[in-house]
Amino acid sequence: MAPSSSSSSSRTPLNILLVNDDGCPGPASPHILSFYRTLVNRGHHVSVVLPSHQKSWGAMAFSVKGSIGLWYYYPEQDGEGAGKWETERRPGGAKEEWVLIDGSPTTCTSIGLFNQSQLFPDAEQKPFDLVLSGPNLGRNTGAAFAMSSGTLGAAMAGALSKHKAIAVSYAHFSVVPKAIQDAIDAKGLSSGPSQPTSDEGEETDPPQPPAASSPSAWKHVVSVAPVELVQIAHNISIDLVERLVRGWEPSVGVYSINVPLAWTLKDPQVFWTAVWKNSYPKLFKLMEPQESGQGQAAATHIPASAPKPKTNLVFAPEMSSMMARGSEESFVGTDAWAIQHGHISISRLQPGFVEVPLPANHDGQRFKM
């Protein structure tokens, strides 16, 4: 499956609800604004409902207790700095008017789908063609990542609300997978000083970008991608979104697209993939005594008579363990395999638990006591 080369004038505009789990533009959500503007420049009608702050690893959780705050958000026109948060819509609306919800990604999807006329009174009131979730800052390959992902969760919420839904995730690396470096070197897609490589690659929280932003300053895969590379990823991702919507398969609830931020995108290869069967490593660690309790908000559900805990834990997943592959046979052809080779992955998903069928020799469906 290759990206479309059709011009924007030949595309049918889509009415899109755009959600994510990384929140509004900022260090935790560096791609949402340019992705949104690329969609709009393609002629699509885009309504945006985002969490008010970072909500990764939320999976399918809904915000069900207490009231949920809502703000209108107006991005900076130059794309730099924080946008404006306001409690009411500006008179007459604005060209770029988003909604922020003090809730989970799935909550954003549901509120956006079922409160369309109240949130976006100036927009054309026709049903959404698509719930588009992302682009996530980080991969969502493998069952452990995918089932924990707020990005996938928001898309699943759309599918369970009887809407087409697509999740888009961008893989960042701090260490170049050797297979990607070999592919780029063979095709001569990039030049510049080499970076450390490994057989697996490692994903970490992206550092601050260096001053240089040209491809020559970034070889292969980068932790914080230059503008040119991110824009290539946007263009390819949206090409794929348009094609998938046009040829939607009735059996699919959600398409999950994973895109490596690598210079292999200059000659993109796209694969239909299975979801890699990885597992959880240790996700939480005990805090040091001097750290325990720092940055902890007061919990309203704990009785006043309960003493302050002396021991606390912090979410600190061992990412390298979550990405360590087992047998080559179980890895090839999966979403994680595609990313490790610099390819784009598309997985067909359904919003439901996988049931284990009864064995062929089972005596009927009645459970015998």
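Which residue stands opposite Tyr255 in strand 10? The residue in that position is Ile166, and the account below places this pair within its sheet. The structure is a predicted model, in which local features need pLDDT of at least 70 and side-chain atom pairs count only at pLDDT 80 or more, while totals for chains, interfaces and linings use all residues. Residues are numbered from 1 along each chain as its sequence is written, and side-chain values use heavy atoms, with hydrogens and water left out.

An open sheet of ten strands runs in the order 4-3-5-2-1-6-7-10-14-11, with mixed pairing; strands (E, at least two residues) and helices (H or I, at least four residues) are DSSP runs numbered from the N terminus, and two strands pair if DSSP finds at least two bridges between them. Strand 4 (84-86) and strand 11 (270-272) stand at the edges with a single partner strand each, so one side of each has no neighbour in the sheet. On average, and with direction ignored, neighbouring strands of this sheet are turned by 25 degrees against each other, where axes are lines fitted to C-alpha atoms, for helices over the stretch in contact, and angles between N-to-C directions run from 0 to 180 degrees.

Within this sheet, strand 10 pairs with strand 7 (residues 165-171) in the parallel sense over seven bridges, and with strand 14 (residues 344-349) in the antiparallel sense over five bridges. In strand 14, Arg348 is the bridge partner of Tyr255. Strand 14 also pairs with strand 11, in the parallel sense over three bridges, and here Trp272 stands opposite Ile346.

In a regular strand the side chains alternate between the two faces of the sheet. In strand 10, Val254, Ser256, Asn258 and Pro260 point one way, whereas Tyr255, Ile257 and Val259 point the other way. Seven of the seven residues of strand 10 (residues 254-260) are buried, so this strand is largely enclosed by the rest of the structure; buried means under 20% relative accessible area, exposed over 50%, and partly exposed in between, with a 1.4 Å probe and protein chains only.

Helix 5 lies across strand 1 (15-19), strand 6 (130-137), strand 7, strand 10 and strand 14, running at about 170 degrees to strand 7. Helix 7 (residues 227-246) packs on the sheet, with contacts (heavy atoms within 4.5 Å) to strand 6, strand 7, strand 10, strand 11 and strand 14, and its direction makes about 160 degrees with that of strand 7. Leu160 is found in helix 5 (residues 150-160) and is exposed, with a relative accessible area of 54%.
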